[in-house]
Amino acid sequence: MTDTIQSVTAIPIEAPLDADAQVTAFGPRLKASALLVEIRTRDGVVGYGEALARYSLRSYKTLIDDLLAPRLIGRNPFHVEALWAEMSRVVTGKAGGILFEAIAACDIAIWDVMARSVAKPLHEILGSMGRSHVPAYASSITWAEDRVAIPQVEGALAAGFKSMKLKLGPTIPRALARAKRVREIAGDAIELTADANWAFDYDDSLRLGRGLADLGYAWLEEPMICEDVDGYVRLRQALPLRLAAGESEHTAWGCRDLIARGGVGVIQPDVARAGGITETRRIASFAHVHGVPFAPHVGFCGAVCNAASLQLAAAMPNFMTFEAMVFGNPLRENLATTDIGAASLLVDGQLPVPTGTGLGIEIDPAALKRFRIDQ
Ligand SMILES: [Mg+2]
C-alpha cells in the first residue's frame with residue numbers, strides 16, 4: 001500500500017557566529033538561522049528539510065503550519081511535483097521571497113522521505129552521475145582587514161583546498177589590491193574566484209572584472225545588483241572571465257532570462273532558497289542545456305542544506321564545484337551526528353558525498369533541542 005505523509009513539523013533554529021569571520025558588502029553576520037522541517041510518514045519514515053530563514057524566523061513556521069502542512073498531510077510523498085505545484089500556488093502567484101524558502105524546506109524533506117523509503121541515497125533516486133567525491137572550493141575569505149583575511153587564506157591552503165573564493169570590496173583599488181595579494185600568496189596553481197555581493201555598478205564591475213582576469217581569477221560573482229539582467233548580459237560579453245550569479249533567485253522562472261540571454265557563466269541556486277530539490281534541479285537542468293555549469297550556493301546554510309547540496313552535486317551532469325564554508329557555523333557543524341561539507345573532510349581537494357540513505361545525515365536530537373527557539 002502507498003505510504004502517506006502523517007506529520008509536517010516546522011522547527012525554527014539559530015546559533016551565534018564569530019563576528020569577525022565573515023564580513024561582506026552586507027556587513028558582518030552575527031548569527032546563523034534556519035527553519036527545519038521534519039516530515040514523518042505513516043510507515044515511520046522520517047525526512048528533514050531546511051529553509052534559508054534570515055529575517056523573521058518564526059514567520060516561516062507559521063507559514064508552514066498554517067498553509068503548507070495541511071496540504072501535505074495524507075498525501076503520497078512520491079507525488080512531489082504535484083505537491084510542489086500546490087505549495088507554489090497557495091503561497092504566491094509569482095516568484096518571490098521567503099515563500100519559496102518555506103517551500104524549499106518542505107520539498108527537501110519530501111525528497112529525503114522518498115529516498116529513505118526505497119533505502120537509497122538521494123542522488124541515486126535523482127538519477128546520479130555516481131560521484132563519491134566532488135570538487136570543492138574554500139568560501140569565503142573575508143573582505144575585512146589583512147590581519148583577519150590573510151590567515152584565512154593560509155588556513156584554506158593548509159586545509160588542502162585547490163580553489164578558494166574571496167569577498168571583495170568596498171572600493172575597486174582595495175578589491176584589486178586584495179586580489180593581487182592573495183594571488184601572490186596562493187601561487188598560480190590555486191584557482192581563485194571573487195564575490196562582490198552587489199557592491200558595484202556596471203562601470204566599476206567592468207574595471208574589477210578586467211583586473212581579476214589579468215590576475216588569472218576564474219569567476220566574478222554578483223558584482224552588481226541581482227535584478228540587473230541587462231547589465232549581466234553586457235558585462236559577460238565584455239569580460240574574459242566567468243560571471244557567477246543565481247544565489248539570489250528563488251525559482252527557475254527567476255533564473256530563466258539570466259541563463260537564456262547569456263548573463264551568467266556559472267549558475268548558483270541555493271537549494272534552501274530556490275524551492276528545494278525539485279526547483280533547484282530544474283534550474284541546473286535548464287542551465288545544462290544552455291552550456292552553463294551548476295555550482296550550488298551554500299553560504300550560511302545548516303547541515304540539511306549542505307547534505308541536500310552534496311546530493312545534487314553528485315547527481316547533476318553540469319555540476320562544477322561545491323561551496324565549502326571555512327568559517328564556523330554551529331547549525332552546519334553540530335546539528336547532524338556527522339560532519340557534512342567540512343574542510344576537515346577534504347580528500348585531494350574534494351568532499352565526500354554522504355553514503356547513507358536519504359540526505360545521508362542523521363539529525364542529533366540533543367543538538368536540535370539546543371538550537372530551537374520555539375520552546
Ligand atoms: Mg555569493
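Select helix α6 (residues 172–186) together with α7 in this predicted model, and you will find that their axes, which are lines fitted to C-alpha atoms over the stretch in contact, come within 10 Å and cross at roughly 15°. Because angles under 35 degrees between N-to-C directions, on a scale from 0 to 180 degrees, count as roughly parallel, α6 is roughly parallel to α7. To see what joins them, show Ile172, Ala175, Leu176 and Ala179 of α6 with Asp204, Arg207, Leu208, Gly211 and Leu212 of α7, where a contact requires C-beta atoms, placed from the backbone, within 7 Å.

Residues are numbered from 1 along each chain as its sequence is written. Local features in this predicted model need pLDDT of at least 70 and side-chain atom pairs pLDDT 80 or more, while totals for chains, interfaces and linings use all residues.

Next, select helix α8 (residues 229–238) and colour Tyr232, Leu235 and Arg236, its buried residues; buried means that 20 or more other C-beta atoms lie within 10 Å of a residue's own, and exposed that 12 or fewer do. Seen down the axis of α8, the directions from that axis to the C-beta atoms of the buried residues fall within an arc of 100°, so these residues line one face of the helix. Turn to the face away from this buried side, and there are the exposed residues Asp230, Gln237 and Ala238.

Finally, show the whole protein, in which 52% of the 375 residues count as buried.

How values were computed: Helix = DSSP H or I, 4+ residues; strand = E, 2+ residues; numbered from the N terminus. Parallel < 35°, antiparallel > 145°, perpendicular 65-115°, else oblique. Contact = placed C-beta atoms within 7 Å.
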